[in-house]
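Take a walk through this structure, stop by stop.

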Amino acid sequence: MSTRTVLPSGPAALPAVPADRAPAGSRRVAIAATALIGLQAGLRAWIGYRGFFSLDDFAFTANAAQHSLFDPGYLLKPYNSHLMPGAFAEVWVLTKLWPLQFGVVATVDMLLQALVGFAFYRLLRALFGTRPAILVPLAVFLFTPITLDASTWWAAALNQLPQQLAMLAALLCQTRYLRTGRTRVGMLGALAVLAGLLFSEKTLLAVPLVVAFTLFWFVDGGIVHRLVQGWRRHWKVWLAYLAVAVPYAGYYAVSVPSPGGAVGTGGDTLQLYGTALGHTLLPGLLGGPWRWRQIGSAGALADPGQAAAWLSGAVVLAVVVATIVAHHRAWYGWAFGFGYAVLDIGVVAVSRATIVGPVVGNVCRYLTDAAGVAVLGAALAVLSPVGSWRHPPATLVRRPNPLRHLAATQLARDLRSLLPRPGSAAVVGTLVAAIVASSTVSTLRFDRFWSTNPARPYLQRLRADLAALPPSTRVYDATVPVGVVWPLLYPYNRLSRVLSPLPERPPFLHPGQSTAALAVPDASGRLRMAQVAGVGALPGPTAGGCGYLLGRTPVRIPLAAPTTAWSWVVRIGYIAGANAAATLHAGATTVQIAIHRGVHQIFVEADGAIRSVRITALSGDAEACTDDVTVGRVRPIPGTTP
C-alpha cells in the first residue's frame, strides 16, 4: 500500500504535516509540555518524599533480605495473586544497596513517573502532531490524582509504573508501525508488553488495547470486516503479541493462586461500577476527588461527596455528548476509553472486590491504567490524527450544523469573533491551568493522609536506640504496631522481619535461647527493658522466702495455671551464691542457662503448652533461690532504657 496523507477535519484540525517535521510554534508546545512534566514530577516528588514504607513494602524488603537475586523461589514466587519478578528484582537491588532508605525508593519512582509522562507526551505527538491542543490531555494525564497511589506507595508503584510505561510504549510502537509500515516497529510493542509483564500481570490488558486501537481507527467497515481485514493487514504483529500473551497467560493460570473468592452479587458489582466511575474515575479526570477519607495508617480513599460526584458526571457527559453531536466517529474515542475502564473494573470485580467489597472502587490505584486510556480516548474523540500514514486512520468528520442558517448571520459571526477559537493558546492555557489547579488541590489534600505514616518515626526512634544497645542485651521479636504493618501480613509484622534488611540488626531472642537482659520496643519505637506478664508459679516449699531452692537436685516449678500451646517467654528472677550452669525445660523447649552470682534474672523463649518449668541440678556446689517465675507475654517497662 502506498503512503497517503490524511487531512483531519473539525475545529481542532491542523494542516497535514509529516510527524518528523515540526509545525510553527511547536517549540513553544514542547517547552510547555516539558514544563508540565517537570511541574508534575516536582509535585509528586514533594508528596512522595514526605511518605515512607507502608504495609506490603516491609514484606517485600524482608523477602529480599532473605533470598538471592537469582533464586527462582524468590523472583517467581507469587505474592497476593501478583507475578512480578521484575518488581522483586528492583526491590532486591534497592534493599541490598540502600536498605530501608525510602528516599532512594521515592527517587526511583519519581524518575519512572517522569518517563511515563514523557511517553504519554510522545504518544500524543505521534498521533496528533506538536499542536497546542495536546497540552490539555497531557495535563489531565500528568496531574490526575487517580495515579497518586501508583507514584507514592512503593508496593503499587512497583507494579503500575512499569505497567503504564509498557502500555504506552506498545501504543507508541503500534502508532509508528501504522505510520511507517515497518513491521519490526510494531513487533517492538510486543516486547514492551513482555517487559511490563515482568512487573504486573495486568499488562496483558495492553494486548486487547492495542488491537482495539488499531481496529477502531485504522480499519474500516463492520465488526466482522474489521476483524478480518485487521488480521490480514497486521497478522505478523498480532503473532508477536500472541507469542508473548499466550504462554504468559498459561503460566499465570497454572502457577498463580486465584486472586479472590466468590464473585459478589449483581448488586455488589453494580455498586462497584458506580463507585469506581462516579467517585474515582470521572472526578479524577477533572482533577478530583478534592476530598479524601482515611484508610489504614497511610493513604486515603476517594470521597468526593454526592454533589461533586454528580457534577463531575454531568460535566463529562456534557463533553461526551457535545463531541459526538459535533463529529462522526467521536464516539470511537469514548468507546475506547470507557470500554477499557469497564474491562478494568471487571477485573477488580472478580479479584480484589471479592475480598474487600465494592468499597475497593474508591481506591484510586485500581484505576491507574484506566485513567490514562480514558484520557487518550478523550483526545481521540476531539482531535484527528495528522501526517502521512502507511495505514490511514479514520478522522473526525464534522456533522451538519442544524443551526447553520443562524450561524451564518452577521450577529453570530460577530459573537464568534469575540470568543477565542477552540485550540487557541488562550483556550488551551485556560483549560490547562484549571486542570492543574483542580488536581493540585486534591493532591495537597491527599498529602495529609500520606505524610502522617507512623512507620517513619517508629523506625527512626528504634534504629537510634538500637545503635546504643548494649552488646549483652537481646531484643524480643515482638509484632510491630498495627500502624506500621497490619497483622494480616504476619509474619512480616514481626520485628525481626521488618529489620531484616539492616546490616546492624540486633540479636533477637529465639526459642531455645536465653538472656539475662531483654529489651522490647514500645508503641512509639523506643527500646525499653522487658517484663513478662502472664501466669506465675505456685508458692515454693522452701521456707525463709527462698521459694524454690535450685542446687544439687532437679526442681520442678509448677504454674498456677497451664498455658495454651503458643510461643511464650519464661522469666525467672533469682539470687545465687555462685556462678553455675543448668538446663531448663518448659513446654517443648529445652535450653542451657547460665546462673550468675548475685541478684539476676533470666529470660527464655519457649514453645508449646506449659504447665511447669523444670530446672536440672546446678553445676558445681552452687545454689540459688527463686520465688519469681512468670510465663507469659513480653511488655515494655515504661521509662526504662536498656
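A charge sits over a ring if NZ of Lys or CZ of Arg is within 6 Å of the ring centre and within 35 degrees of the ring normal. Arg 179 lies over the face of Trp 389 in this way, at 4.0 Å from the ring centre. Arg 50 has its charged end over the ring of Trp 46, 4.5 Å from the centre.

A word on the source: this is a predicted model, where local features need pLDDT of at least 70 and side-chain atom pairs count only at pLDDT 80 or more, while totals for chains, interfaces and linings use all residues. Residues are numbered from 1 along each chain as its sequence is written, and side-chain values use heavy atoms, with hydrogens and water left out.

Rings also meet rings. Rings of Phe, Tyr and Trp (its six-membered ring) pair if their centres lie within 6.5 Å; planes under 30 degrees apart count as stacked, over 60 as edge-to-face and the rest as tilted. The structure holds 23 aromatic pairs. One of them joins Phe 53 and Phe 58, with 6.1 Å from centre to centre and 55° between the planes, a tilted pair. Are these two residues buried or exposed? Here buried means under 20% relative accessible area, exposed over 50%, and partly exposed in between (1.4 Å probe, protein chains only). Phe 53 is buried at 2%, and Phe 58 is buried at 0%.

Phe 216 and Tyr 332 make another pair. Their ring centres are 5.8 Å apart and their planes stand at 55°, so this pair is tilted. Phe 216 belongs to helix H10 (residues 206–218) and Tyr 332 to helix H14 (residues 330–349), so the pair ties together parts that are 116 residues apart in sequence. Helices (H or I, at least four residues) and strands (E, at least two) are DSSP runs, numbered from the N terminus. Phe 216 is partly exposed, at 26%. Tyr 332 is buried, at 11%. Trp 389 is the ring under Arg 179.

Now look for gaps. Rolling a probe the size of a water molecule over the atoms shows where empty space is left. On a 1 Å grid over the protein atoms alone, a cavity is a set of points where a 1.4 Å probe fits but cannot get out; lining residues have an atom within 4 Å of a point. Grid points are joined across faces, edges and corners, and a volume is the space filled by probe spheres set on the points. A search of the whole structure finds four cavities of 30 Å³ or more.

The largest cavity has a volume of about 90 Å³. Which helix gives the largest share of its lining? It is H16, with five residues. Helix H8 (154–180) and helix H16 (368–382) each supply at least two. The lining includes Phe 120, Gln 164, Met 167, Asp 369 and Leu 376. By class, it has eight nonpolar residues, three polar and one charged. Ala, Val, Leu, Ile, Met, Phe, Trp, Tyr, Cys and Pro count as nonpolar, Asp, Glu, Lys and Arg as charged, and the others, Gly among them, as polar.

The second largest cavity holds about 50 Å³ of space. Phe 53 is one of its lining residues, and Trp 98 and Trp 154 are also among them. Helix H4 (85–97) and helix H5 (102–128) each give two or more residues to this lining. It has eight nonpolar, three polar and no charged residues.

A disulfide is a covalent bond between the sulfur atoms of two cysteines. The search, which takes sulfur atoms within 2.5 Å, finds one disulfide. Cys 546 and Cys 625 form it, with sulfur atoms 1.9 Å apart. The link is left-handed, with -95° about the S-S bond. Cys 546 sits in the loop between strand E11 (527–536) and strand E12 (548–550), and Cys 625 in strand E19 (residues 624–636), 79 residues apart. Cys 546 is buried at 8%, whereas Cys 625 is partly exposed at 21%.

Last, the backbone. A cis peptide bond joins Gly 288 and Pro 289, with omega about 20°. Trp 290 has a positive phi, near 70°, and lies in the loop between H12 and E2.

Technical notes:
On a 1 Å grid over the protein atoms alone, a cavity is a set of points where a 1.4 Å probe fits but cannot get out, and a pocket is an open set with protein on both sides within 12 Å along at least five of seven lines; lining residues have an atom within 4 Å of a point.
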